[in-house]
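Hi,

Here is the structure I promised to pass on.

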Amino acid sequence: MTGLAVRNVSYSYGSKRALDDVSFHVPQGAFCALLGPNGAGKSTLFSLMTRLFTTSEGEIEIAGHNLARSPRKALAQIGVVFQQPTLDLDLSVQRNLSYFAALHGLSGRLAQDRITAALERLDMAERAAERARDLNGGHRRRLEIARCLIHAPSVLLLDEPTVGLDAASRKAITHHVHDLSRQDGMTVLWATHLTDEIAPDDQVAVLHRGRLLKQAQCSALTAGQPLQDVFLTMTGETA
Ligand code: ADP
Ligand code: MG
């Protein structure tokens with residue numbers, strides 16, 4: 001199966017069950033929002049999908065590769081933006097990207113072509129020489145998104161990539177990543193607790209207290225109601 005599949009995945013921190021029998025599928029080229037309040041288990045799932053943690057309960061398949069059985073092939077197909085930023089702030093935009101390219105065994109013309117294309121994709125081309133520290137929060141996040149494209153993955157995993165950004169930066173980043181799915185056919189899993197980042201034709205997987213409550217196309221899930229109201233009703237939380 002292409003895209004991203006999570007099947008019956010559970011994970012515990014000691015006696016704390018952080019994920020409980022979670023299953024969902026993001027078809028190739030789809031944008032899926034993993035929607036859940038703080039503590040739902042989103043970052044724990046990201047740690048499992050990127051193999052920072054492993055679990056014997058359930059399985060994860062990335063672009064047709066089983067993560068436990070073929071980890072190198074599976075991991076080569078994912079581009080990740082973690083919740084905590086991981087840029088080297090003392091390096092330029094260009095150096096951050098060429099360092100990452102080298103880690104993936106890319107150098108010379110191919111690396112530079114990928115870097116140029118990724119920066120253009122995120123409207124960052126004119127900032128190549130700037131030091132990461134001198135970028136605002138929105139541009140730092142865009143640099144991280146450009147970086148996760150360098151090794152040409154087919155599945156992008158982004159964990160709350162807009163947290164702490166102003167409204168304009170949030171909108172720009174949300175727009176760019178939707179474009180990567182619509183125009184470039186990337187499979188996207190976008191973790192968030194902010195319903196305004198989700199478009200009507202996106203998939204939504206609602207995670208709450210470690211359980212997957214529902215997966216559906218956003219417009220089918222809401223049936224004309226505001227997604228925020230539907231989300232609050234499903235999770236039993238109040239605004
Ligand atoms: P989210 O990213 O959706 O906010 P997390 O995956 O960070 O959720 O956390 C899910 C649950 O697991 C929460 O109850 C959290 O307190 C707990 N948790 C997360 N990390 C740890 C850890 N290292 N040790 C113990 N509990 C943890
Ligand atoms: Mg988190």
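This is a predicted model: local features need pLDDT of at least 70, side-chain atom pairs count only at pLDDT 80 or more; totals for chains, interfaces and linings use all residues.

Before the notes, one convention: buried means under 20% relative accessible area, exposed means over 50%, and partly exposed is in between (1.4 Å probe, protein chains only).

Residues are numbered from 1 along each chain as its sequence is written, chains are lettered from A and ligands numbered from 1 in the order in which they are written, and side-chain values use heavy atoms, leaving out hydrogens and water.

Now the salt bridges (a side-chain nitrogen of Lys or Arg within 4 Å of a carboxyl oxygen of Asp or Glu). The structure has 18 of them. One pairs glutamate 57 with arginine 17, at 3.4 Å from N to O. Arginine 17 sits in strand β2 (residues 16-26) and glutamate 57 in the loop between α1 (42-49) and β4 (59-62), so this bridge ties together parts 40 residues apart in sequence. (Helices are DSSP runs of H or I with at least four residues, strands are runs of E with at least two, and both are numbered from the N terminus.) Arginine 17 is partly exposed at 35%. Both residues also belong to a salt-bridge network with Asp20 and Arg211.

Another bridge joins arginine 147 and glutamate 144, with the closest N and O atoms 3.3 Å apart. The two are three residues apart in helix α5 (residues 137-147), which means about one helical turn separates them. Arginine 147 is buried at 11%, and glutamate 144 is buried at 1%.

What does aspartate 202 do, buried yet with no salt bridge? Its nearest side chain of opposite charge is arginine 182, 4.4 Å away (Lys and Arg count as positive, Asp and Glu as negative; His and the chain ends are not counted). The aspartate 202 side chain does make a 2.7 Å polar contact with that of histidine 178. A polar contact is a pair of N or O atoms within 3.5 Å; within protein, one must be able to donate a hydrogen and the other to accept it, and residues adjacent in sequence count only if both atoms are side-chain atoms. Aspartate 202 lies in the loop between β8 (187-192) and β9 (203-208).

Cheers
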